[in-house]
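Come and read along with me.

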Amino acid sequence: MAQKHLVKLVCTVCGSSNYYTHRNAKSVTEKLELIKYCKKERKRTLHKEGKVKSS
Ligand SMILES: [Zn+2]
């Protein structure tokens, strides 16, 4: 099994968790920071990686 971690992308402006994605822990070491569209604010904002609790 490849080591994949489910992470969420959290809007740094309003704190909404707008996106979920997988990241490979081996190839990606730095935290994700992406400009994404925030539905709540209806504009593009910086989203940062946040942890998702595994069930
Ligand atoms: Zn937002």
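Which residues does Cys 14 touch, not counting residues up to four places away in sequence? I looked them up and found Cys 38, Lys 40 and Glu 41.

**Ground rules.** I remind myself that this is a predicted model, where local features need pLDDT of at least 70, side-chain atom pairs count only at pLDDT 80 or more, and totals for chains, interfaces and linings use all residues. I number residues from 1 along each chain as its sequence is written.

**Cys 14.** I found Cys 14 in the loop between strand 1 and strand 2. I then checked its distance to Lys 40: the two are 26 residues apart in sequence, and 8.1 Å apart in space from C-alpha to C-alpha. Why does Cys 14 count as exposed? Cys 14 does so because it has 11 C-beta neighbours inside 10 Å. My cut-offs: a residue is buried if 20 or more other C-beta atoms lie within 10 Å of its own, exposed if 12 or fewer, and partly exposed in between, with C-beta atoms placed from the backbone.

**The whole chain.** I counted four strands and zero helices, and from the N terminus on the elements run β-β-β-β. Both kinds of element are DSSP runs numbered from the N terminus: helices are H or I with at least four residues, and strands are E with at least two. The C-alpha trace spans about 40 × 25 × 10 Å along its principal axes. Of the 55 residues, 9% count as buried. I also noted that, among contacts with a separation of 6 or more, 44% come from residues 24 or more positions apart.

**Strand 1 and its partners.** I call two strands paired if DSSP finds at least two bridges between them. Strand 1 (residues 4–11) pairs with strand 2 (residues 17–24) in the antiparallel sense, over seven bridges. Here Leu 9 stands opposite Tyr 19 of strand 2. The two strands form a hairpin with five residues between them, and Gly 15 in the turn has a positive phi of about 85°. Strand 1 also runs antiparallel to strand 4 (residues 43–51), joined by five bridges. In strand 4, I found His 47 as the bridge partner of Cys 11.

**Arg 42.** I looked for Arg 42 in the loop between strand 3 (33–38) and strand 4, and there it was. Its phi is near 55°, a positive value in a residue other than glycine. Arg 42 counts as exposed because it has 7 C-beta neighbours inside 10 Å.

Conventions:
Contact = placed C-beta atoms within 7 Å.
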